Amino acid sequence: MADTRAFQDEVGRWAAGDTGGDTARELAVELGLRTAVLLEGPSDFAAVETLAAARGRDLAAEGVCVVSMGGAMSVARYAELLGPPGLDLRLTGLCDEREQGYYERGLRRAGAPDRDFFVCVADLEDELIRTLGPAVVEEIIRVEGDLRPWQTFLSQPAQHGRPRHQQLRRFLGTKKGRKIRYGTLLVEALAPDRVPAPLEDLLGSL
């Protein structure tokens, strides 16, 4: 029995031009996919999957596949492959405000509506930090054993005088894999009724 991971991997190879997409088409049919959630990277992927699991949602069973595109500039390619010109799945997802234009143009070229994409002002990490509050995020950093790196980071001249939430957002991106790990941890720390609007609206649309 195929799973969504196999489909995700196959779509990545298809987007890179390594395959012609036949296997992806077969997997989409076998899985009964109807919707693809396009996300910029793996930290967003981790956050969406974590929230879905916390809500008791089995996205794969609902015909939904979450796809990490490896960057906002890939949206036109993924929309072409997964949207009306390709697999004809409904497309939805998250985008950052500064990259909204890339999404609008890419989706327009693919004949897919952009109304189903939900916009984060800076990015999803920033939305999560603002919702939780810096003190809660710093406590998560302490519990995770990252207090010393965090204190070292704060001592850098470039961080002096910056707002705390901006420092936290930058810190999460300073080590490979940290954004992915904290994408899960920050979502797990959310109160059920305190989920950032873009993330709440995305899950509610599925």
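Colleague: How many bridges join strand β1 to strand β3?

Modeller: Bear in mind that this is a predicted model. Strands are read through their bridges, and here β1 (residues 35–39) and β3 (residues 90–96) run parallel, joined by four bridges. Take Ala36 as an example: its bridge partner in β3 is Leu91.

Colleague: In what order do the four strands form the open sheet?

Modeller: The order is β2-β1-β3-β4, with parallel pairing. At the edges sit β2 (64–68) and β4 (117–120), each of which pairs on one side only. On average, neighbouring strands are turned by 15° against each other, direction ignored.

Colleague: Which strands does helix α3 lie across?

Modeller: Helix α3 (residues 42–54) lies across β1, β2 and β3, and runs at about 155° to β2.

Colleague: Now the rings, please. Are the planes of Trp150 and Phe153 stacked or edge-to-face?

Modeller: Planes under 30 degrees apart count as stacked, and those over 60 as edge-to-face. The structure holds four aromatic pairs. In one of them, the rings of Trp150 and Phe153 have planes at 20° and centres 5.9 Å apart, so this pair is stacked. Both residues lie in helix α8 (residues 147–154), three residues apart, about one turn of the helix.

Colleague: And why is the pair of Trp150 and Phe171 edge-to-face?

Modeller: Because their planes stand at 65°, with the ring centres 5.2 Å apart. Phe171 belongs to helix α9 (residues 164–172), so the pair ties Trp150 in α8 to a part 21 residues apart in sequence.

Colleague: Is Trp150 buried or exposed?

Modeller: Trp150 counts as buried, at 1% relative accessibility, and Phe171 is buried too. Ring pairs link Trp150, Phe153 and Phe171 into a cluster. Arg178 lies over the face of Phe171, 4.1 Å from the ring centre.

How values were computed:
Residues numbered from 1 in each chain as written. Predicted model: local features only at pLDDT ≥ 70, side-chain atom pairs only at ≥ 80, totals over all residues. Heavy atoms only, no water. Pairing = 2+ DSSP bridges. Helix = DSSP H or I, 4+ residues; strand = E, 2+ residues; numbered from the N terminus. Axes fitted to C-alpha atoms, helices over the stretch in contact; angles between N-to-C directions. Contact = heavy atoms within 4.5 Å. Phe/Tyr/Trp six-rings, centres within 6.5 Å; stacked < 30°, edge-to-face > 60°. Buried < 20%, exposed > 50% of the residue type's maximum accessible area, 1.4 Å probe, protein only. Lys NZ or Arg CZ within 6 Å of the ring centre and 35° of its normal.
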